[in-house]
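Please keep the sequence and the structure in view while reading.

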Amino acid sequence: MRVSEKYSTLPAEDRSVHIINICAIEDIGYLPSEGTLLNSLSVDPDAKCKYGLYFRDGKRKVDYVLVYHHKRPSGSRTPARRAQSQDAALAARGGRQNQPLPGHESTEGAGGLDTQQDFHEDDKRFRREEYEGNLLEAGLELERDEDTKIHGVGFVKIHAPWNVLCREAEFLKLKMPTKKLYHMNETRGLLKKINSVLQKITAPIQPRVAEHRSQTVKRLSYPFSREKQHLFDLSDKDSFFDSKTRSTIVYEILKRTTCTKAKYSMGQGEGRKKDPTLLNKRRKCGRYGITSLLANGVYSAAYPLHDGDYEGENVEFNDRKLLYEEWASYGVFYKYQPIDLVRKYFGEKIGLYFAWLGVYTQMLIPASLVGVIVFLYGCATVDENIPSREMCDQAHNITMCPLCDKTCSYWKMSSACATARASHLFDNPATVFFSIFMALWAATFMEHWKRKQMRLNYRWDLTGFEEEEGHPRAEYEARVLQKSMRKESKSKEKHRNIPEESTNKWKQRVKTAMAGVKLTDKVKLTWRDRIPAYFTNLVSIIFMIAVTFAIVLGVIIYRISTAAALAMNSSPSVRSNIRVTVTATAVIINLVVIILLDEVYGCIARWLTKIEVPKTEKSFEERLIFKAFLLKFVNSYTPIFYVAFFKGRFVGRPGDYVYIFRSFRMEECAPGGCLMELCIQLSIIMLGKQLIQNNLFEIGVPKMKKFIRSLRLKRQSPSDHDEHVKRKQRYEVDFTLEPFAGLTPEYMEMIIQFGFVTLFVASFPLAPLFALLNNIIEIRLDAKKFVTELRRPVAVRAKDIGIWYNILRGVGKLAVIINAFVISFTSDFIPRLVYLYMYSKNGTMDGFVNHTLSSFNVSDFQEGTAPNDPLDLGYEVHICRYKDYREPPWSEHKYDISKDFWAVLAARLAFVIVFQNLVMFMSDFVDWVIPDIPKDISQQIHKEKVLMVELFMREEQGKQQLLDTWMERDPEKDESFNNHSPKASLDSPEYRAGAL
């Protein structure tokens, strides 16, 4: 293969001018810089290729870029340019492949330095050459560029010509728009008027994007076929396949193109054979595509290019700039997202994520309004709440038992007045209604998203799309290759022990080679091969969950010990605010630990998924999501679960308390219940995670990485004059951006937030409001990150959000159960109802607080647990009160659980059962009432099928008419031929032509 065939160079006319000028100037001993030369020619060659968006000829668009590191002298760039020009001249004269490739320096005059080269770099170069040769054989066109501003980095630009695009589009079954246009069904009557009014009202908040306008006409789409190209509108072939589709097609070729010969061709040389690491890599080279080459460091990056710059003067208008102005700017936070343009630029998978995030944010608006109304209702009725008034009334003079041993003294219930009043803001009858509302809201949200998803599938021509099994991952193929080699070695050992009758060595070699290929194809990883990985996963996940529980236990001990230490303080203000101080500091500790462990658990989940060696990227992603969600769910919600369901449940009673490690007494809830503390815990963790982890990390970390990367590149690059004059190419600018790491972190962040909004919403009605405010910023933050901070990701087709939908449904179902238990066991809603209908004398809540308190005789304290200062209140205490349903000390069965406890417990369990079944039934009813596919979309899909059948029937009828016309003319030709040439031979050419 000739070099000129393998790598495109400058056009002949341009090449001759440049080479002659360079050589002439060098001959007289003057070597100007590149900038001087370009200025002398008064033509910027980079402007012709639009600064890296096209090949040097300015006609072929760069669809994909491969990046690799190479070693070269760090001196002036002129010799490198001269070597490139000489290589180009050799290529033009018909130089063979053994000549230096364009962009590589000649190493013949190195004086033996070649033999001392790093064999790993040599190995990578061989693989690149073979891989790029295979890409050329696949029909792609390549152009190399090593003369860049980034020192030691080379770029291979890839262009897919028209015939390759058509071939791959047919293989991938891409639906493309045909010439056939049809009118979409429009609403009529009252609905049409309502839609027109809504369009006028929402016009100011619509993005100024052509793709976002409502369409009345749509092109009929059909899977692309080279045999039916006449059906498609090919008037402009350059724009028929957009940049997203072109990069997808090239990426598919890159994935399936393999390097198979390099492992044999690179085995020459004594030094290479002695390197075991290199030999091991060679064995793994096998049949890998671009994923394994990236993993092994053969290429350092591979990405499609952005369409151009998004800001600056004299910037050509492009989709990236439009997205930046109408989507990725904080100034347009109030506008709808241009989802169709997002899909056009980034692909369906990313488009579906932002569409889902937009639907979720819109649905948070009614939830936020209802939550604010519930909160305001609590504020309006706080003065009318009889239990809180009784707790704040000094006349009741209720003396409470100490909160800790020895150091804590007796205290007045009226000192907890502020906590009791604040608890009513979240613990009132409206909370029950809000919990039911949020359960139905979650079901409605899921149904609304399914309908929106179907609309997008129809609009994006994904209705008939079925995701096929992807290419095997590089790690999976490596493990399969190792397994096949082990089997092959075992079979060889068996054959050695068995005497062979045949002595035909050539046949044996062929059989061995074919057996190796077949063995690699047939061998698969089974569950037996993965048993060690599964066992490691199980043990590691259990250990991580145990670590989370241990940290929560540590925070509990901190709370208990800190409360005892603050009780010894001489300041009355400190002692009066012990509960608030301990709660706030403990929650902050929990927040810091949660943020740190989230990062650790994310890395552990990825490592655990890697050792399982899933076959495809989809399987890898689903397993990673499940593990990461499980660990982060436990990490985020364990402290909240403790406060909601365990704190104050296993305290014991005065004189018989429960101790941790025989020294730390279990902490109690406040007289108003643990709901207020649960609200504080939930609000701080939720807001802290959103502010620190979701926003500051997403803004700060990428900018810091980009700054560090730019500093590193500046150190590596020489500071020549031409470096400052020359403008960076598009692929150089994109190389400095952060690589795309997938949507898992983005989805995970929102799913955890969805849990905060739904799971414990009974204790914090303002959670939807804070989630709404966060998401308004989050959408623009993510948009700006995708447009400005990240390399352009490869577009991936997808018709749904995958496993995330199942996780959302699971969280929604779990939310019903958890809210039922929060209302019945954490709040005082059920005890109040039981008292009102069973024990109240006048049908009001008067006396409720006294009913929930039990009495304790201070003479029954265990030795060493009584307060050190029993006269702290100014008088001697004989009976103190504590919150529980127990018999009084003057009863026969003193301190035993009373009948009231069992009545309240039965009511609580009954409420859980009724609430859960009622809400589940209502959610399922909503699911059943709302169809998954909108009626107009199902009609449009049916209409498309009918139109497609009509189109093909018309085409077949046209073909039949042509055939009939031809058949009618054929006998006439035969008759005239027989009249003119009656003696013509049957074998004559004239006869054959007439018959044909």
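A residue is called buried when its relative accessible area is under 20%, exposed when that area is over 50%, and partly exposed in between. With a relative accessible area of 2%, C166 is therefore buried, whereas C379, at 34% relative accessibility, counts as partly exposed. The model is predicted, and every value given here is computed from it.

## Disulfides

How many disulfides does the structure hold? There are three, and the table sets out their sulfur distances and the torsion about each S-S bond.

| Disulfide | S to S distance | Torsion about the S-S bond |
|---|---|---|
| C392 and C417 | 1.9 Å | about 95° |
| C401 and C880 | 1.9 Å | 85° |
| C404 and C408 | 1.6 Å | 90° |

The link of C392 and C417 has a torsion of about 95° about its S-S bond, so this disulfide is right-handed. The pair links distant parts of the chain, with C392 in helix 18 (residues 386–392) and C417 in helix 19 (residues 417–426), 25 residues apart. Both C392 and C417 are buried.

The disulfide that joins C401 to C880 is likewise described as right-handed, with 85° about the S-S bond. Because C401 lies in the loop between strand 7 (399–400) and strand 8 (411–412), while C880 lies in strand 14 (residues 879–883), the pair ties together parts that are 479 residues apart in sequence. Both C401 and C880 are buried.

The disulfide formed by C404 and C408, with the sulfur atoms 1.6 Å apart, is right-handed as well, with 90° about the S-S bond. Are C404 and C408 buried or exposed? At 11% relative accessibility C404 counts as buried, and C408 counts as buried at 10%.

## Aromatic rings

A search of the whole structure finds 53 aromatic pairs. One of them is formed by Y353 and F354, whose ring centres are 4.9 Å apart and whose planes are at 70°, an arrangement classed as edge-to-face. The class follows from the angle, because planes over 60 degrees apart count as edge-to-face. Y353 is buried, and F354 is buried too.

The charged end of K218 sits over the ring of Y458, at 5.1 Å from the ring centre. R665, in turn, lies over the face of Y657, at 3.6 Å from the centre of that ring.

Which residues make the nonpolar surface patch of about 590 Å²? The patch is made by L190, L191, I194, V197, L198 and I201. Of these residues, V197 has its place in helix 8 (residues 190–201), and V197 counts as partly exposed because its relative accessibility is 46%.

K524 and R479 are 45 residues apart in sequence, and their C-alpha atoms are 9.0 Å apart in space.

Definitions and conventions
Residues numbered from 1 in each chain as written. Predicted model: local features only at pLDDT ≥ 70, side-chain atom pairs only at ≥ 80, totals over all residues. Heavy atoms only, no water. Patch = residues over 30% accessible without salt bridge, like charges linked within 9 Å, V, L, I, M, F, W, Y side chains within 5 Å. Areas by Shrake-Rupley, 256 points an atom, 1.4 Å probe, with all protein chains shown as cover. Salt bridge = Lys/Arg side-chain N within 4 Å of Asp/Glu carboxyl O. Helix = DSSP H or I, 4+ residues; strand = E, 2+ residues; numbered from the N terminus. Buried < 20%, exposed > 50% of the residue type's maximum accessible area, 1.4 Å probe, protein only. Phe/Tyr/Trp six-rings, centres within 6.5 Å; stacked < 30°, edge-to-face > 60°. Lys NZ or Arg CZ within 6 Å of the ring centre and 35° of its normal. Disulfide = S-S within 2.5 Å.
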